[in-house]
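The following paragraphs go through the structure shown here, from the whole chain to single residues.

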Amino acid sequence: MLYHVGALWRLNEVGLLASAARISSVSGGSITAAWLATVWAARGWPSHGVIPAGDFETTFAQNICRVADHTIDVPSVLFGCLARAIGEEVAERYDRLLFNGATLQDLPDNPRFVINASNLQTGRLWRFSKPYMEDYTVGRIENPTLRLATAVAASSAFPPILSPVRLSLKESEYHLRPGFPKPVNHHPPFTTSPVLADGGVYDNLGIEPVFKRYTTVLVSDGGAAFKTIPRPHTSWPLQAYRVLHCIDSQVRAQRVRHLMDGFVSGERHGCYWGIATDPGRYANSPLPCDPRKTAKLAAVKTRLRSMPRDLQKRLINWGYASCAASLESNFPQPGRPGASWPYPDQALD
């Protein structure tokens, strides 16, 4: 969540954020993206140029930091077990801290924001956006009025603790498009009770909603670094948990390789930066970073728990610095403004 704030900060400075056609997100990145979308629509930010730096920081970045001041996961588990589902409790807390009842219809028309969850019933991607939400094997609901907080809770419902998020829908809400075959899973309970989990389960980079439409792609990866273990557990539950981590790591690596292959072949343009990337791998880095400091930031657990403000600032600085380095190394543009730490008191050099 915080790492992407820094990346968006730099993208705004160089004029790339406001010119984006589509912003796709999964997991913790969906908290950041959904709040960016809410502010964008409310403030009437432009679809080109640069969003005013002061407005960007005060209305967007500072409120994300306010979310990071709170612990969300443990209270949600406790209250969710006692009263309602855990996913619903997470959504309520998101709504109180950020979204204040906003729905998918409160998203801006441009850029198109797509919030992604994984449908555990079909093994496919469930997409939330302003024009529609759908799993293509289930069907499409046009102009959905679902609460934005619920969409974000589904996208960030990390299994097994925070998932699943169950939607309660009516079959009459779906729109069957003329000339298209009826989706194979267009019947209850697929249509009426979708069971959703973290979007990263299906697509841990959130790139599927952009790959088929766009050739210029910028990817910010805040996923936790894979840790080596000299003595893995051999008990069945812990071994299974480790196996799932290995599978996730390989799927993520494969998506990154596919992305990089496209850049090398010239099929696509753009760049990639990740929270676990060694800063020494960038050919040009406007803000030198100590790899020991960035490695510690990559190892921060991806939990929804209260975080000290100094650590928040360092994560934002690292997102900013790694984005700036990747842009300079792999996606250079003339006349780009110089980079400077968002929070100089927490510089990483």
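A residue is called buried when its relative accessible area is under 20%, exposed when it is over 50%, and partly exposed in between, with a 1.4 Å probe and protein chains only. By this definition 52% of the 349 residues of the protein count as buried. The model is predicted: local features need pLDDT of at least 70, side-chain atom pairs count only at pLDDT 80 or more, and totals for chains, interfaces and linings use all residues. Residues are numbered from 1 along each chain as its sequence is written, and side-chain values use heavy atoms, without hydrogens and water.

The protein has ten helices and nine strands, which are DSSP runs numbered from the N terminus (helices H or I, at least four residues; strands E, at least two). Its C-alpha atoms fill a box of roughly 55 × 50 × 40 Å along the principal axes.

Strand 7 (residues 195-198) pairs antiparallel with strand 2 (residues 112-119) through three bridges, and antiparallel with strand 6 (residues 165-166) through two; pairing requires at least two DSSP bridges between the strands. Ala117 has Asp198 of strand 7 as its bridge partner, while Arg166 stands opposite Val195.

Helix 10 covers residues 309-330 and spans 31 Å from its first C-alpha to its last, close to the expected 32 Å, which is 1.5 Å times one less than its number of residues. Of its 22 residues, 16 are buried.

Asn63 lies in helix 3 (residues 53-68). Leaving aside residues up to four places away in sequence, Asn63 touches Trp35, Thr58 and Leu98, where contact means heavy atoms within 4.5 Å.
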